[in-house]
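Please read it alongside the sequence and the coordinates.

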Amino acid sequence: MTTLDLLLFVVLGCNTVWFAAGFQYFSFNPFAAAKLLVSRSQRDCPLFTTLAESGRFLGGMNAAFAALALLLLVNRHLFTEPRQWALFASVFALAHGSQFVLNVRVAGGTATGKAPLWPVLKGPMLFILVMDGVLMLANAAWAAMQLAQ
């Protein structure tokens, strides 16, 4: 196995695990996920249930990305062109990057012009922010390496 093959295996493996964890969390624990976003004082609001249940949609999107990453991981031999891998990695970078950028926007208060809507820079949300940032960069780097070949 070459260094590039090993890097591909690691990046796809990380994508698979991260998106599968997102699927599990948002689909099967939507109220716990919603509690990350809504302060205790606001959880008795009727919209809290709506927000929690809508998190299942995010779980579904994570399931699709996890399945894609896993299928690519176990079928690496089907794609032999570096540009093919760059395309896949770019899509994964965009998926992680959209979450990262939107959470940075919330953390900076630019979403409302006031205090952040949820605590992005502490606890589980900080972990999510960091992981999405790291995986965005890893996938973007992998795409760039493939295009450089």
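Helix H3 (46–74) provides eight residues, the largest share of the lining of the largest pocket. Helices and strands here are DSSP runs (helices: H or I, at least four residues; strands: E, at least two), numbered from the N terminus. The model is predicted, so local features need pLDDT of at least 70 and side-chain atom pairs count only at pLDDT 80 or more, while totals for chains, interfaces and linings use all residues. Residues are numbered from 1 along each chain as its sequence is written, and side-chain values use heavy atoms, with hydrogens and water left out.

**Largest pocket**
- The largest pocket has a volume of about 710 Å³. A pocket is an open set of points on a 1 Å grid over the protein atoms alone, with protein on both sides within 12 Å along at least five of seven lines; lining residues have an atom within 4 Å of a point.
- A volume is the space filled by probe spheres set on the points, with grid points joined across faces, edges and corners.
- Its lining comprises 29 residues, and Phe26, Leu58, Asn62, Gln99 and Ile128 lie nearest its centre.
- At least two lining residues come from each of H1, H2, H3, H4 and H5.
- By class, this lining has 21 nonpolar, seven polar and one charged residues. Ala, Val, Leu, Ile, Met, Phe, Trp, Tyr, Cys and Pro count as nonpolar, Asp, Glu, Lys and Arg as charged, and the others, Gly among them, as polar.

**Second largest pocket**
- The second largest pocket holds about 190 Å³ of space.
- Residues lining the second largest pocket include Leu4, Asp5, Arg76, Glu81, Trp85 and Gln149. H1, H4 and H5 are the elements that give two or more residues to this lining, and H1 gives the most, with three.
- This lining divides into six nonpolar, three polar and three charged residues.

**Cavity**
- One cavity of 30 Å³ or more is present; a cavity is a set of grid points where a 1.4 Å probe fits but cannot get out.
- The largest cavity contains about 40 Å³ of space, and among its lining residues are Leu8, Asn15, Phe88, Asn139 and Trp142.

**Nonpolar cores**
- The largest nonpolar core has 15 residues, and those with the most contacts inside it are Leu8, Leu12, Phe19, Leu72, Trp85, Phe92 and Trp142. H4 gives the most to this core, with six residues.
- Such a core is a set of buried Ala, Val, Leu, Ile, Met, Phe, Trp, Tyr and Cys residues joined through side-chain atoms within 4.5 Å; buried means under 20% relative accessible area (1.4 Å probe, protein chains only), exposed over 50%, and partly exposed in between.
- A second, separate core of five residues includes Trp18, Leu36, Met125 and Ile128.

- The 25 residues of H5 (residues 123–147) should span 36 Å at 1.5 Å a residue, and the end C-alpha atoms are 37 Å apart, which agrees. The expected span is 1.5 Å times one less than the number of residues.
- Cover for the buried residues of H5 includes helix H1 (3–28), helix H2 (30–37) and helix H4 (82–107).
- Aspartate 132 is found in H5 and is buried, with a relative accessible area of 5%.
- Leaving aside neighbours within four places in sequence, aspartate 132 is in contact with Trp18, His96, Gln99 and Phe100, contact meaning heavy atoms within 4.5 Å.
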